[in-house]
Amino acid sequence: MRREYQGISELPKQKRIFLKEKDKTSTHPIGISLLSNIILGLIVLVWLTPTLMLFISSIRPVSDMMTSGWWTAFLYPSRFTLKNYIEVLTSKGIGTGFINSLLISIPATFLPILVGALAAYPISFYKFPGRKLIFITIIAMQIVPLQTVLIPVLMILKRLNLNGTFPGIWLAHTAFGLPLCIYLFRNFFAQLPYSLIEAAKIDGANSFQIFTILVTPMSKPVLASLAIFQFLWVWNDLLVALIILNNPAASPLTVRLSSLLGSLDSGWHIMTPAAFASMLLPLIFFLAFQKYFVRGILAGSIKG
Amino acid sequence: MGQPIFIGHLPEGSEFMKSLIAKYIRKKRLGWLEYYLWMAPAIILTLFFLVIPTLQTFGLSLKEEVTFSEREFSQGFINELAVESGAEIGRNDLIQEVSGWESVVNGALNKYKVRIASDDINEEMTVKDTVELLTATIYQARQARDGGLQFCGFKNYRRMFKDNAMLTAFRNNLIWLLFFTTLTVIFGLLIAALADRVKWSTLAKTIIFLPMAISGTASAVIWNFMYFKDVNTGTVNALLNLVYSLLQKLNLITGGNFEGIAFLGRPDLVNIALIAAGVWMQVGFSTVIFSAALKSVPTELIEMAHLEGANSLQIFFKIEIPIIQSTIVLVITQMIMWVLKVFDIIYTLTQGGPFNSSEVIANRIYMTAFNQNNFQYASAMAVILFLAVIPVLFINIRNLAYEESVRE
């Protein structure tokens with residue numbers, strides 16, 4: 001059987017996505033063709049080249065990097081070295097940047113998911129005045145470009161004495177991540193078996209118990225999707241960090257990398273391992289949770 | 001939920017309220033008040049970090065910094081002193097020796113609606129000292145009154161149309177809109193369709209999706225290296241060189257060696273070079289969605305067409321594309337949103353250069369706000385950006401309202 005994934009345009013049916021298992025073997029009904037293999041092979045090669053180039057370059061000696069192409073490196077496999085990585089992690093602030101990125105990303109991934117789940121829970125399971133208005137208002141905010149809100153947000157954080165601090169950027173990322181979190185939770189909660197929750201209510205469970213004992217354990221797929229989404233978004237973010245975290249000591253990898261590239265005083269033997277090191281964690285998470293990432297994209301439009 | 005905490009937070013002496021709430025809780029009738037407690041963090045954060053800031057940006061865009069020229073003020077002040085006293089006045093004359101000085105000072109104070117203490121101007125002060133005191137007072141008062149801002153109508157918006165960097169940014173966003181959107185849709189469709197027809201589609205898609213996990217900053221590093229002008233180290237130029245020398249060998253072109261192209265240094269090529277990097281980053285997104293949409297095309301339909309003798313291309317263009325039409329529209333709107341906000345890769349790769357030729361709105365906003373410290377002008381640009389996404393906002397809300405109506 002072919003999968004029944006739906007585009008975002010067909011929203012009502014989307015909720016199935018989370019529960020459907022991936023059918024890996026399905027191919028087009030007309031079957032495979034040699035030409036398809038060749039064209040796709042070429043495209044995949046092109047798409048892989050930039051990442052591969054960065055990785056190979058990052059493990060080449062400085063002298064080689066600036067005189068010969070990375071593709072010649074395979075001729076001298078013995079010259080590959082980790083020296084660049086050692087240099088980059090111990091100097092140039094990349095090691096600190098890595099820690100800062102972690103310190104920003106972990107709470108900024110956890111908080112919006114928690115706050116979003118708390119809000120999506122009554123919206124999905126109970127009826128009360130203002131429910132729809134609040135839901136639609138929060139979801140609509142997903143569209144607002146961050147550039148439109150960042151200047152006043154910076155002023156608000158200044159008034160709270162939180163600009164340039166980690167809690168400041170946690171709050172900002174939490175707010176910016178909320179619309180997507182609430183949207184995906186709402187979509188997911190809508191497909192949970194409501195009879196279970198009714199039964200729990202009859203048994204005398206209060207809403208807090210239902211949330212912690214019943215709803216949360218069932219929400220693992222959507223939690224995984226949101227965690228990977230939000231983590232990639234925060235870890236890779238440059239704009240918010242640049243503006244809200246206007247504090248050189250606390251700046252994450254992206255900001256440091258960007259200023260390294262701008263200053264041009266550090267050579268490419270610094271740039272390439274620094275860039276690859278910054279990609280390492282997202283790539284690992286991405287490869288491990290790709291399934292959930294894809295489901296997340298399908299279940300709700302990605303934020304920008 | 002945590003009712004005891006709730007009760008504890010009530011002020012002392014409201015025993016009646018406490019017992020009332022306790023009664024409601026016992027009966028599990030806290031009702032919608034409880035639901036609002038669940039949503040409170042989300043509501044507060046959305047309000048203070050999204051809703052109010054959006055409105056503030058609108059407000060800020062209609063203001064400008066108060067222009068107060070100290071030089072003009074001091075010139076005017078001295079002129080008035082001269083008129084009042086009927087004598088030539090120098091900056092170093094003692095102020096109180098000028099006849100009629102009090103009325104001139106009071107005139108200035110009234111004009112700018114500020115006050116100073118009566119003994120602030122003493123007999124030792126010169127005209128220059130007085131001007132300095134007055135300017136400092138006026139400046140402070142303005143800052144305190146409304147952050148040194150005054151309403152200026154649509155001045156910031158009109159300014160954009162005379163600002164060459166901003167006009168280039170508008171043009172470039174349009175170029176991005178056209179080429180980036182077209183390329184991501186075509187490549188996304190192509191890859192999704194091809195992946196359907198090979199046995200290693202999981203691997204292929206993983207590689208295509210991979211750049212989505214890479215930050216704009218790291219992508220900028222990658223593409224800076226890819227676009228090196230040197231034909232020995234720059235990957236793109238090395239490939240071009242390969243083609244060039246091949247053509248040379250076949251005597252199709254004559255002339256010297258290939259010199260390499262500085263993609264990021266040439267105003268005519270920089271946008272296309274950046275768009276290519278953007279497509280590399282974002283094609284995974286359209287592939288994900290198209291791939292799922294193509295899988296949802298009914299198998300029977302395709303098999304039937306196949307039996308009728310339609311070939312693969314005909315099936316793709318005549319059956320599959322029309323069926324996933326709405327998904328294509330959706331991907332286009334998503335890509336438009338991405339393009340309007342594109343920032344990281346441009347900020348890191350070119351900073352809008354060379355000579356502003358790769359400027360985009362998002363980069364202008366950042367530069368105007370944080371390099372030129374003009375938050376008001378930057379806000380006006382941000383409002384334009386916001387207005388550009390409004391149509392997408394409406395499509396989304398309509399979809400959402402439809403979804404809600406289906407659900408209930």
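# Two chains and where they meet

User: Where do I start with helix α7 of chain A and α3(B), and how do their axes cross?

Analyst: The axes of helix α7 (residues 146-159) of chain A and α3(B) come within 7 Å of each other and cross at roughly 105 degrees. Here axes are lines fitted to C-alpha atoms, for helices over the stretch in contact, and angles run from 0 to 180 degrees between N-to-C directions. Helices (H or I, at least four residues) and strands (E, at least two) are DSSP runs, numbered from the N terminus. This is a predicted model, in which local features need pLDDT of at least 70 and side-chain atom pairs count only at pLDDT 80 or more, while totals for chains, interfaces and linings use all residues. Residues are numbered from 1 along each chain as its sequence is written, and chains are lettered from A and ligands numbered from 1 in the order in which they are written.

User: So are α7(A) and α3(B) roughly parallel or roughly perpendicular?

Analyst: α7(A) and α3(B) are roughly perpendicular to each other, because angles of 65 to 115 degrees count as that, whereas those under 35 count as roughly parallel, those over 145 as roughly antiparallel and the rest as oblique.

User: Which residues of α7(A) and α3(B) meet?

Analyst: From α7(A) they include A:Val149, A:Ile151 and A:Ile156, and from α3(B) they include B:Phe48, B:Phe49 and B:Leu60. Two residues are in contact if their C-beta atoms, placed from the backbone, lie within 7 Å. By class, this contact has ten nonpolar, four polar and no charged residues, where Ala, Val, Leu, Ile, Met, Phe, Trp, Tyr, Cys and Pro count as nonpolar, Asp, Glu, Lys and Arg as charged, and the others, Gly among them, as polar.

User: And how many residues do chain A and chain B give to their whole contact?

Analyst: Chain B gives 100 residues and chain A gives 96 residues. On the side of chain B that touches chain A, helix α3 (residues 32-61) of chain B gives the most, with 19 residues, and that side divides into 64 nonpolar, 24 polar and twelve charged residues.

User: New topic: where is B:Asp129, and is B:Asp129 buried or partly exposed?

Analyst: B:Asp129 sits in helix α6 (residues 127-146) of chain B. With 16 C-beta neighbours inside 10 Å, B:Asp129 counts as partly exposed, because a residue is buried if 20 or more other C-beta atoms, placed from the backbone, lie within 10 Å of its own, exposed if 12 or fewer, and partly exposed in between.

User: How far is B:Asp129 from B:Arg91?

Analyst: B:Asp129 and B:Arg91 are 38 residues apart in sequence, and C-alpha to C-alpha they are 8.6 Å apart in space.
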